[in-house]
Amino acid sequence: AGLRCVAHAGEEGPAEYVAQALDVLRVERIDHGVRCVDDKALVKRLRAERVPLTVCPLSNVRLRVFDTIEQHNIGALVAAGLAVTVNSDDPAYFGGYVNDNYAAVARAHNFDRHALAALARQRRHQ
């Protein structure tokens, strides 16, 4: 039992922050983590260790991590075999609850219901 350690990393900061969160803070989950793709060794590690990335696409756009939802790298994260989940981040402020994030990803990245279901199933492993 006990509390699990989680960190916001790799959203507005570089991939190195994700690695530091894993190594220094010994986190079990990374909130956001979208910049991990800038470090191939880190992607390999995240995949091997099945570290969940709780991705919040609409807040990433609102914070200008990506200019548009179409430019979001969620497809690349999924294609890399990472444990990606779709989430919301302060929905009242960033303009989207969880379902809104799923709908935006589905529209922008042509994710069908099977792809969306696969993302939702990742949540069980967090």
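Leaving aside its neighbours within four places in sequence, which residues is L46 in contact with?

**View 1. L46 and its surroundings.** Beyond its neighbours within four places in sequence, L46 is in contact with V18, L22, C36, V51, L53 and L82; contact here means heavy atoms within 4.5 Å. This is a predicted model, in which local features need pLDDT of at least 70 and side-chain atom pairs count only at pLDDT 80 or more, while totals for chains, interfaces and linings use all residues. Residues are numbered from 1 along each chain as its sequence is written, and side-chain values use heavy atoms, with hydrogens and water left out.

**View 2. The largest nonpolar core.** This core has 30 residues, and I30 and L46 have the most contacts inside it. A nonpolar core is a set of buried Ala, Val, Leu, Ile, Met, Phe, Trp, Tyr and Cys residues joined through side-chain atoms within 4.5 Å. Buried means under 20% relative accessible area, exposed means over 50%, and partly exposed lies in between (1.4 Å probe, protein chains only). Among the elements that each supply at least two residues of the core are β1 (6-9), α1 (15-23), α2 (40-49) and α6 (98-109). The largest share, 5 residues, comes from α1. Helices (H or I, at least four residues) and strands (E, at least two) are DSSP runs, numbered from the N terminus. A second, separate core of 5 residues includes L58, V61, A104 and A108.

**View 3. The buried face of α1.** Look here for A15, V18, A19, A21 and L22, which are buried in α1. Seen down the helix axis, the buried residues of α1 fall within an arc of 160°, so they line one face of the helix; the arc is that of the directions from the helix axis to the C-beta atoms. Their cover includes β1, β2 (29-32) and α2.

**View 4. Where α1 meets α2.** These two helices pack at an angle of about 40°, with their axes 10 Å apart. That makes α1 oblique to α2. Axes are lines fitted to C-alpha atoms, for helices over the stretch in contact, and angles run from 0 to 180 degrees between N-to-C directions. Angles under 35 degrees count as roughly parallel, over 145 as roughly antiparallel, 65 to 115 as roughly perpendicular and the rest as oblique. A15, V18, A19, L22 and D23 of α1 make the contact with L42, R45 and L46 of α2.

**View 5. G33 in its loop.** You will find G33 in the loop between β2 and α2. G33 is buried, at 0% relative accessibility. Setting aside neighbours within four places in sequence, G33 is in contact with A9, G10, E11, V18 and L53. G33 and P14 are 19 residues apart in sequence, and their C-alpha atoms are 8.9 Å apart in space.

**View 6. Two loop residues with positive phi.** R50, in the loop between α2 and β3, has a phi near 55°, a positive value in a residue other than glycine. R50 is partly exposed, with a relative accessible area of 40%. D90, in the loop between β4 and α5 (91-94), has a positive phi of about 45° although it is not a glycine. D90 is partly exposed too, at 49% relative accessibility.

**View 7. The two sides of α7.** L116, L119 and Q122 are buried in α7. They cover an arc of only 110° around the axis, which puts them on the same side of α7. The face turned away from that buried side carries the exposed residues R113 and H114. Cover for the buried residues of α7 includes α4, β4 and α6.
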